[in-house]
Amino acid sequence: MKYFLDFLAQLKKGVIAPVYLFYGPENYLRDQAVRRLQEQLLPPEAREFDYHVLDGGVASVQEILLAASFAPVMAGRRLVVVRDSGLFQSSEKKQADESAVLEYLMQPSPETCLVFDTGKGVDKRRKLYKEAGKVGCVLEFTRLKPAELVKWLAKQAGAEGCGLQREAAEELLSRCGRDMYTLYNEIKKLTCYAGFAKSIGLGVVRELVTGRVDENIFEVVDAVGEKDCRRALSGIRGLLLQKQQPQQIIGMVARQFRLILQVRELAARRESREQIIAALKMHPYVYQKIYRQHKNFDRAQLVSIANRLAALDYDIKTGRAVFYPAMETLLIKICAGQ
């Protein structure tokens, strides 16, 4: 988040580069950066005339440079944004195109702010990349870390007059992942539901936010461990509603139980948390969930469940069983300790 806050601080001081290269996977913050430039450079009445967006996959280099060379009509400077140009990737443009852009960068128009914006990576070895950094500003928009996102979510909720409990923010992350557009939309929905001056808790997130596939798998296994067959079957139905195929569901549930068995075996050898995470190449959040789940099963149960899921998979593939009734019967038996 620091790179974005530093960018905003420069804008606040009125420091605006003639050329920007925004790249990286965090689409939300890249779009926000362009929006902030627009607000800083262009009054509302000038945006129709002095804000120009080009599709870099369609527009030629000549069109891009021509747009950058026009004088502003109403504002002090024009803002020209080139989306998803391949100029900064390896071997995607002709040498003549690169030379033309390099020539522009050596003497950019003082009346234009030219922004190259792409979700792709860039080739940092290219002269074009290096020159953009010398003349203007190059920013990589990386995904935020979970701790940064928790703070950002709390700030978004606060802007709507709501509080956000930490465990609720963490649950929202676990269900939605780290995509900020998805999180932004969900926090808007939650604050609208909670109402002004209310606090958003864990229960509200679980009630209103649909879990990802891996979260539903955790729910199924948690429910089996707690012998809550109704909740386990609800999780399976949720996976079906998410258009997951029966074989995929069996495979994911079986994989989860295999991971629980592996964690159990390593923990029994007194391996540390860090050693287990490294050995299984597991995300710390996933480890936390699985470590909690392993306490619900002994080794014999885990081996039996894995074998029974393999047999179920075979029966489904050979047409000997219909998925949901067979899975329902299996889960009922497991929850009953049979």
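This is a predicted model: local features need pLDDT of at least 70, side-chain atom pairs count only at pLDDT 80 or more; totals for chains, interfaces and linings use all residues.
The cysteines were examined for disulfides. A disulfide is a covalent bond between the sulfur atoms of two cysteines. The count for this structure is zero. In the case of C192, the closest cysteine sulfur belongs to C162 and lies 9.2 Å away, which is too far for a bond. C192 is exposed, and its relative accessible area is 66%. C229 likewise takes part in no disulfide; for this residue the nearest cysteine sulfur is that of C335, at 4.3 Å. C229 counts as buried, with a relative accessibility of 17%.

Helix α2 comprises 15 residues, 27-41. From its first C-alpha to its last, this helix reaches 21 Å, close to the 21 Å expected at 1.5 Å a residue. At the start of α2, the backbone nitrogen of Y28 is approached to within 3.1 Å by a side-chain oxygen of E26. Y28 is itself one of the buried residues of α2. An α-helix has 3.6 residues a turn, so residues three or four places apart point the same way.

Helix α2 also takes part in the second largest pocket, as one of the elements that each supply at least two residues of its lining. The other such elements are α1 (2-12) and α7 (146-159). The volume of this pocket is about 340 Å³. Its lining consists of 15 residues, of which M1, F4, W152, K155 and Q156 are the closest to the centre. By class, the lining of the second largest pocket divides into eight nonpolar, five charged and two polar residues.

Helix α13 spans residues 246-268 and contains Q256. This glutamine is buried, with a relative accessible area of 5%. The side chain of Q256 is joined to that of Q293 by a polar contact of 3.1 Å.

Rolling a probe the size of a water molecule over the atoms shows where empty space is left. Two cavities of 30 Å³ or more are present in the structure. The largest cavity has a volume of about 40 Å³. Its lining is formed by L21, V82, D84, S85, F88, Q89, F116, D117 and T118. Strand β4 (residues 112-118) gives the largest share of this lining, three residues. Four residues of the lining of the largest cavity are nonpolar, three are polar and two are charged.

The second largest cavity holds about 30 Å³ of space. It is lined by V253, F257, I305, L309, M327, L330, L331 and I334. Helix α13, in which Q256 is found, is among the elements that give two or more residues to this lining, together with α16 (299-317) and α17 (323-335). The largest share, four residues, comes from α17. The lining of the second largest cavity has eight nonpolar residues, with no polar and no charged residues, whereas the lining of the largest cavity includes three polar and two charged residues.

Methods:
Residues are numbered from 1 along each chain as its sequence is written. Side-chain values use heavy atoms; hydrogens and water are left out. A disulfide is a pair of cysteine sulfur atoms within 2.5 Å. Buried means under 20% relative accessible area, exposed over 50%, partly exposed in between (1.4 Å probe, protein chains only). The expected span of a helix is 1.5 Å times one less than its number of residues. A polar contact is a pair of N or O atoms within 3.5 Å; within protein, one must be able to donate a hydrogen and the other to accept it, and residues adjacent in sequence count only if both atoms are side-chain atoms. On a 1 Å grid over the protein atoms alone, a cavity is a set of points where a 1.4 Å probe fits but cannot get out, and a pocket is an open set with protein on both sides within 12 Å along at least five of seven lines; lining residues have an atom within 4 Å of a point. Grid points are joined across faces, edges and corners, and a volume is the space filled by probe spheres set on the points. Ala, Val, Leu, Ile, Met, Phe, Trp, Tyr, Cys and Pro count as nonpolar, Asp, Glu, Lys and Arg as charged, and the others, Gly among them, as polar.
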